[in-house]
Amino acid sequence: MDIKEKIKELVEKISKDPKLQAQFRENPVKAVETLLGVDLPDDVVNKVVDGVKAKLAADKVSGGLDALKKLF
């Protein structure tokens, strides 16, 4: 399993679906395992969850910076 590719796929799915966003906020491990369709070992799923959280946060910051650039 290519973890980076899976993180990218999950971020795309979660960022486009408010229900998935809410599920991810409430229980990120369960949300990731549900989206992947597999039960992963704790160390792997935690890496994926951390990667998704980091990418979502980075995308949010990037979107905010883009909005600020448009103001100026």
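Reader: Helices here are DSSP runs (H or I) of at least four residues, numbered from the N terminus. In which helix is the place of Lys 8?

Author: Keep in mind that this is a predicted model. Helix α1 covers residues 3–16. Reading along that stretch, you will find Lys 8 in helix α1.

Reader: Is Lys 8 buried, partly exposed or exposed?

Author: A residue is buried under 20% relative accessible area and exposed over 50%. The relative accessible area of Lys 8 is 46%, so this residue counts as partly exposed.

Reader: How far apart in space are the C-alpha atoms of Lys 8 and Leu 56?

Author: Along the sequence, 48 residues separate Lys 8 from Leu 56. In space, the distance from C-alpha to C-alpha is 9.8 Å.

Reader: How are α1 and α3 oriented to each other, roughly?

Author: The axes of α1 and α3 (residues 28–36) come within 11 Å and cross at roughly 100°. Angles of 65 to 115 degrees count as roughly perpendicular. The two helices are therefore roughly perpendicular.

Reader: How many nonpolar residues are in the contact of α1 with α3?

Author: From α1 come Lys 6, Leu 10, Lys 13 and Ile 14, while α3 brings Val 32, Leu 35 and Leu 36. Sorted by class, the residues of this contact are 2 charged, no polar and, for the nonpolar class, 5.

Reader: How many polar residues are in the contact of α1 with α2?

Author: Lys 13, Ile 14, Ser 15 and Lys 16 of α1 meet Pro 18, Leu 20, Gln 21 and Phe 24 of α2. By class, this contact has 4 nonpolar and 2 charged residues, and its polar residues number 2.

Reader: How many residues are in the largest nonpolar core?

Author: In soluble globular proteins, nonpolar side chains tend to be buried together. In this model, α1, α2, α3 and α4 each give two or more residues to the core. Leu 10, Ile 14, Phe 24, Val 32, Val 48 and Val 52 have the most contacts inside it, and the number of residues in this core is 13.

Reader: Is Val 49 buried or exposed?

Author: Val 49 belongs to helix α4 (residues 42–71). Leaving aside neighbours within four places in sequence, Val 49 touches Phe 24, Pro 28, Val 29 and Val 32. Its relative accessibility is 4%, and the limit is under 20%, so Val 49 is buried.

Reader: Which residues does Phe 24 contact, leaving aside neighbours within four places in sequence?

Author: Phe 24 lies in α2 (18–26) and is among the core residues with the most contacts. With those neighbours set aside, its partners are Ile 14, Ala 31, Val 32, Val 49, Val 52, Lys 53 and Leu 56.

Reader: Which residues of α3 are buried?

Author: Just after α3, Gly 37 takes a positive phi of about 80°. Within the helix, the buried residues are Pro 28, Ala 31, Val 32 and Glu 33.

Reader: What percentage of the residues in the protein is buried?

Author: The protein exposes about 5300 Å², of which carbon and sulfur atoms supply 56%. Out of the 72 residues, the buried share is 22%.

Terms used:
Residues are numbered from 1 along each chain as its sequence is written. This is a predicted model: local features need pLDDT of at least 70, side-chain atom pairs count only at pLDDT 80 or more; totals for chains, interfaces and linings use all residues. Side-chain values use heavy atoms; hydrogens and water are left out. Buried means under 20% relative accessible area, exposed over 50%, partly exposed in between (1.4 Å probe, protein chains only). Accessible areas come from the Shrake-Rupley method with a 1.4 Å probe; for residues, only the protein chains shown count as cover. Axes are lines fitted to C-alpha atoms, for helices over the stretch in contact, and angles run from 0 to 180 degrees between N-to-C directions. Angles under 35 degrees count as roughly parallel, over 145 as roughly antiparallel, 65 to 115 as roughly perpendicular and the rest as oblique. Contact means heavy atoms within 4.5 Å. Ala, Val, Leu, Ile, Met, Phe, Trp, Tyr, Cys and Pro count as nonpolar, Asp, Glu, Lys and Arg as charged, and the others, Gly among them, as polar. A nonpolar core is a set of buried Ala, Val, Leu, Ile, Met, Phe, Trp, Tyr and Cys residues joined through side-chain atoms within 4.5 Å.
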